[in-house]
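User: I have a chain to go through and I'm new to this. Can you take me through it in plain terms?

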Amino acid sequence: MDNPKYSGKKILIADDDTAIVDALLLLFNDKGFEVESTVRGDRVQQMVQNQPDLLLLDVKMPDKDGRQICRALKQEKDTKNIPVIMISANKDTEKSAKDAGANDFLEKPFEIQDLMDKVEYHINSSN
């Protein structure tokens with residue numbers, strides 16, 4: 001069911017795990033978000049030109065490291081204010097993700113409620 005408070009809010013999901021992307025697409029669409037996704041890290045910088053309200057970014061992607069992507073986005077005037085939540089199966093990457101400029105970090109596997117709490121926090125604080 002659509003949630004009017006998320007109507008018009010855009011999330012970009014970048015993760016090479018198609019099962020995670022598919023699950024998150026269903027979740028966020030159900031909540032009323034506009035959602036774009038990619039399984040290719042090298043497409044993220046082009047896709048953020050659509051100015052999503054939040055980027056959910058996997059740390060380890062086969063074609064481009066999520067930390068490199070995050071660092072580049074945070075250095076650009078047009079994308080530096082987009083909140084980035086980085087996700088990884090390796091909790092040891094949390095520090096390097098934050099060092100790259102990530103606004104938050106979530107370890108896989110994660111609870112949907114934890115994800116939604118972080119998404120809601122960053123979407124509301126970026127307005």
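Analyst: Start with a definition: helices (H or I, at least four residues) and strands (E, at least two) are DSSP runs, numbered from the N terminus. This is a predicted model, where local features need pLDDT of at least 70 and side-chain atom pairs count only at pLDDT 80 or more, while totals for chains, interfaces and linings use all residues. Residues are numbered from 1 along each chain as its sequence is written, and side-chain values use heavy atoms, with hydrogens and water left out.

User: OK. How many helices and strands are in the chain?

Analyst: The chain has 5 helices and 5 strands. In sequence order the pattern is β-α-β-α-β-α-β-α-β-α.

User: Which way do β1 and β2 run, parallel or antiparallel?

Analyst: Strand β1 (residues 10-14) and strand β2 (residues 34-38) run parallel, joined by 5 bridges. Two strands pair if DSSP finds at least two bridges between them. A14 stands opposite T38 in β2. Between the two strands the chain passes through helix α1 (residues 18-31), and this β-α-β crossover is right-handed. Right-handed means that, with the strands pointing away from the viewer, the path from the first strand over the helix to the second runs clockwise.

User: New topic. How many salt bridges does the structure hold?

Analyst: There are 9 salt bridges. The term means a side-chain nitrogen of Lys or Arg within 4 Å of a carboxyl oxygen of Asp or Glu.

User: Why would such side chains pair at all?

Analyst: Side chains of opposite charge can pair when their charged atoms come close.

User: What about R40 and D42?

Analyst: Their side chains form a salt bridge at 2.4 Å, N to O. R40 is partly exposed at 42% relative accessible area, and D42 is partly exposed at 40%. Buried means under 20%, exposed over 50% and partly exposed in between (1.4 Å probe, protein chains only).

User: And K77 with D78?

Analyst: That salt bridge is 3.5 Å, N to O. K77 counts as exposed at 67%, whereas D78 is partly exposed at 49%.

User: Where do D99 and K95 sit?

Analyst: Both are in helix α4 (residues 94-99), and because they are 4 residues apart, about one helical turn separates them. D99 and K95 are both exposed.

User: Which residues are linked in a network?

Analyst: D15, D58 and K108 are linked by salt bridges in a network.

User: Last one: how much of the chain is buried?

Analyst: Of its 127 residues, 44% count as buried.
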